[in-house]
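This report covers the arrangement of the chains, the fold of one of them and a selection of charged pairs. The sequence and structure come first.

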2 protein chains.
Amino acid sequence: MVKERLITKEEAVGRITPEDIERMFYPVISETDKSKLKSSYIGEGINAVPGAAAGQIMFTAEDAENAFNKGMKVILVRKETSPEDVGGMHAAQGILTATGGKTSHAAVVARGWGKCCVVGAEILDINAEKKTMTVKGKTYKQGDWLTLDGSTGSIYAGQLALKDPILPPEFKVLMGWCDTIRTVNVRTNADSPSDAKKAIEMGAEGIGLCRTEHMFFEGRDRQLAIQTMIVADTKEDRVKALSKLLPYQRKDFEGIFDAMNGKPVTIRLIDPPLHEFTPKDAAGIKELSKVAKMPEDKVRARIDQLHESNPMLGHRGCRLCITYPEILEMQVQAIIEAAVSVAKKGKKVFPEIMIPLTIAEKEFNILEERVRAVADPIIKAAKSKVKYLVGTMIEIPRAALMANRIAEKAEFFSFGTNDLTQMTMGLSRDDAGRFLPEYVDEKKAAIFKADPFQVLDQEGVGQLVKMGIERGRSTRPNLKVGICGEHGGELSSVKFCCAQGMNYVSCSPYRVPIARLACAQYEVESKAKKSSAKKPAAKKAGAKPMMKKAPARKAAKRK
Amino acid sequence: MVKERLITKEEAVGRITPEDIERMFYPVISETDKSKLKSSYIGEGINAVPGAAAGQIMFTAEDAENAFNKGMKVILVRKETSPEDVGGMHAAQGILTATGGKTSHAAVVARGWGKCCVVGAEILDINAEKKTMTVKGKTYKQGDWLTLDGSTGSIYAGQLALKDPILPPEFKVLMGWCDTIRTVNVRTNADSPSDAKKAIEMGAEGIGLCRTEHMFFEGRDRQLAIQTMIVADTKEDRVKALSKLLPYQRKDFEGIFDAMNGKPVTIRLIDPPLHEFTPKDAAGIKELSKVAKMPEDKVRARIDQLHESNPMLGHRGCRLCITYPEILEMQVQAIIEAAVSVAKKGKKVFPEIMIPLTIAEKEFNILEERVRAVADPIIKAAKSKVKYLVGTMIEIPRAALMANRIAEKAEFFSFGTNDLTQMTMGLSRDDAGRFLPEYVDEKKAAIFKADPFQVLDQEGVGQLVKMGIERGRSTRPNLKVGICGEHGGELSSVKFCCAQGMNYVSCSPYRVPIARLACAQYEVESKAKKSSAKKPAAKKAGAKPMMKKAPARKAAKRK
């Protein structure tokens, strides 16, 4: 239609929906035999991440990884997932859980990878010991085939035929129009070199959130090193354990910087509470006891000590770096050494070191000084010209309230709207499944129009976002601001972020095209508003001059 | 000195410290034999609630209650306490825990009662099964005597002599001056008729927080009724179980209204998550299974289902009443029937029904309607003239942000600054002990000047308090506003509340005199400021006219 001059490019961009885009990226079940579909159907859960997947059932992350290494296709079936399962989740074609909602660990992690995921399938009766699951009286065992449809939440027995999506050439053209129109950058959340490469393919202009702790879970060596650090009694022992992690982290960062080639990479220092890293079973405790050279009961006692009533509000984020500066020091060393080394190879590198969970300017200032105290001597010694920024997440209400003071030293803000939503609304993402559906259901209480973890609560949480940006820029007018929560890939939330003057939004790789579309639609809509305010009768007239100006605006984008 | 006209009453009030007052209320160890003190000393914990107590060690709440019923004096020793222990805690002379800080469950509950409490005594190695504890190699068993000094945190073996405080007559005179000077009301947090009587003695002008759920723990019958409600499958079964609680709640409310005789009583509807009420051991599950006529494994499964990752941010407060309106209906019926019945006896009654954990105006409006739908017909049928208010806690950041809209229907706000601090700072009161000391310690990070759970974080959390009041009164200019968090009994926090225009502060009964002092000091200080702004050289001159005007201001107090 644009070719035939029936509509403008802006109108075309305005007509596309996020669903139109999502549909293009995910495999679908291609089985057309309806009676086969019907007889295979065994029930359904919540459609957490769209797309279809078929594989053999594995009930533990370890089994899933082993099967994957043997070349098998795997569906990982768990009651719920935890960070320890990430390796197995990554190895699986699709993930199926018996509990949890669209914001459960499984759903959020899978969404980040664009991996088919069905959660909260309460019909599953999983027997973890026997490695079986029973659904409506029928028992499925490890190795049985299962097909999931993440778009509908349907679960099928057996291996149904799937079809891969083929991106139509029009998609690239459309995305090109979006990129010309929009002025806000789109970054992605990526934790590994392979994620980073994928992100570039999807059009990401930087990494807005690189979660360093995922690097601690990949492989037994790394897990044991972080676990040894955790149970250590002295700073010396912690430093020793951390030094084992250093080369792994450095290598990961090198891979990421290499893939991003000068595009900014925001690296968040350690975020989750330490108990997320500890071994959960007797065998794990035994192995750790051996490696850490510490009696088993002492290891167990140390792990017990770490238990928290409300881990979300506990000893995590930068609080860990206040207590254990050596963690921050190791991570910063790895980041800067990697940056220097990649820069030496002639590539551009631009790391942005991000402090999570900040609540006070003094807390930030202490950590910012520690970061620079590690980073600057490395750069100087290498005679490198690497530049880096130190900034913070704004994810606790107090941080938004104190943004003017925090921005005195912080060079950038990234709104962690997942946690900001949790704290501002007093809602645990993991537990809200029990009552939030009723709050959102328009046939029930209908207190909210949408799940606030999917769609940013603009009128509540949004006030703190607005306040945080305004106050931050009142101290530091050129403060770089972005968002790295789930909302960074949701249409209305991204438009809100654009309206607040953010420099970029960041989302999972698979949502980057949606974010590009949303940023472009924001420009089209705000131009239309301005134009209709001037000349109410001449809506189309506003579109043309905008396209002419676009290259200038594109150039004006702040990276 | 006032008698001798050396200083004015205002100056006298200004010179008293909270510690001066606290000291007058708590028993002290009167043992003067220093060598005996030294030989009895076995170590120390954190001084959570001042005063001294001696008693025989009991390791479970049940043993403590049984011993108390036999006329024994008890020190309850626990690793940590939970709401299920409240009966045993109440029965004890003093409470000693191995874990937790000044804001742990044990500390907060004990502070409410002014009961000696030492927490976080990590030197204790408690063996709950054997009912023994070992300290530095020496083992103490159930029934052994122990003396605690809650003012210092010291723990002594054996029974040391204690001395009860004698209130000097000057205390009453001083408090009288405070009452004449101050314009802000002082209420108390009280959950039972006996608390209410105590509160009146301490000078409270109303109850600012009556926590109804404490009523569910007193006695096995009540516990089983609430537990039966929790595991019930249908609304009918829940209503049936709740109807068993109704007479207990009604009787408690009657006792409270009777004691308060027309003073306002703010009653908070159910607040904690349901899992806090469930049985924790096999015997409890067995008994519940019998009473609820439900197989044990189903009871267990239902309890397991209730587990939450972050209960503080979970299915609690008014969220329970959205999901289970029958809980609210039973509680409102009990409150209003009690009010009508006490009013019939010729007493004045003024209940204020408070919705906890509100985050949205629609949520409040739904519940307010439900309250009135239960209350009004009861009042009408009884041809009673009882008046009541419906208002809300402001304890989640979003509630403060949306205060203008919530105040459209809410007739009063009570700032729950404990939870507001938790959410605004992303700090769990139960877990902060692991890192908060370092944040507060002026020799370490010194990020905060004081523990924000003890002293209100005026510059952070205080912004939301200020915003909540301003926005609430922008919609409803005569909005009644108070505070019912721990901060309502802390000097600087109370002064802050006065400065924000609150109508009242509410605190534990034993802190009422401190709150009265703080409110008076606020007036003295703000008058002095105004006066020195006018006539910088005549500070004392400001005091006299203030005293003359005082009766008028006293009359102007809003109840």
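## Interface between the chains

Chain B and chain A bury about 4400 Å² between them, with carbon and sulfur atoms giving 55% of that area; buried area is the accessible area (1.4 Å probe) that two parts lose on being put together, summed over both. In chain B, B:Leu313, B:Arg398 and B:Arg434 lose the most area to chain A, together 15% of what that side buries. Contact, defined as heavy atoms within 4.5 Å, involves 50 residues of chain B and 50 residues of chain A. Of the interface residues of chain B, 100% are also interface residues in chain A, so the copies meet through the same surface.

The model is predicted: local features need pLDDT of at least 70 and side-chain atom pairs count only at pLDDT 80 or more, while totals for chains, interfaces and linings use all residues. Residues are numbered from 1 along each chain as its sequence is written, chains are lettered from A and ligands numbered from 1 in the order in which they are written, and side-chain values use heavy atoms, with hydrogens and water left out.

## Barrel of chain B

In chain B, 8 strands close into a barrel with parallel pairing, in the order β14-β15-β16-β17-β18-β19-β20-β21. The twist averages 25° from one strand to the next. Strands pair if DSSP finds at least two bridges between them; helices (H or I, at least four residues) and strands (E, at least two) are DSSP runs, numbered from the N terminus. Strand β14 (residues 185–189) is joined to β21 (residues 504–507) by 4 bridges, and B:Asn185 has B:Tyr504 as its bridge partner in β21(B).

Helix α20 (residues 461–475) of chain B packs on the sheet, touching β19 (412–415) and β20 (480–483), and its direction makes about 180° with that of β19(B). Axes are lines fitted to C-alpha atoms, for helices over the stretch in contact, and angles run from 0 to 180 degrees between N-to-C directions.

## Helix α21 of chain B

Of the 9 residues in helix α21 (residues 491–499) of chain B, 7 are buried, where buried means under 20% relative accessible area, exposed over 50% and partly exposed in between (1.4 Å probe, protein chains only). Among them are B:Leu491, B:Val494 and B:Phe496. The buried residues of α21(B) pack against α2 (18–23), α20, β20, β21 and α22 (512–534) of chain B. Just after α21(B), B:Gly501 takes a positive phi of about 85°.

## Salt bridges

A salt bridge is a side-chain nitrogen of Lys or Arg within 4 Å of a carboxyl oxygen of Asp or Glu. B:Glu459 forms a salt bridge with A:Arg405 at 2.8 Å and another with A:Arg398 at 3.8 Å. B:Glu459 is partly exposed at 39% relative accessibility, whereas A:Arg398 is buried at 1%.

Within chain B, B:Asp271 forms a salt bridge with B:Arg268 at 3.7 Å. B:Asp271 is buried at 8% relative accessibility, and B:Arg268 is buried at 7%.
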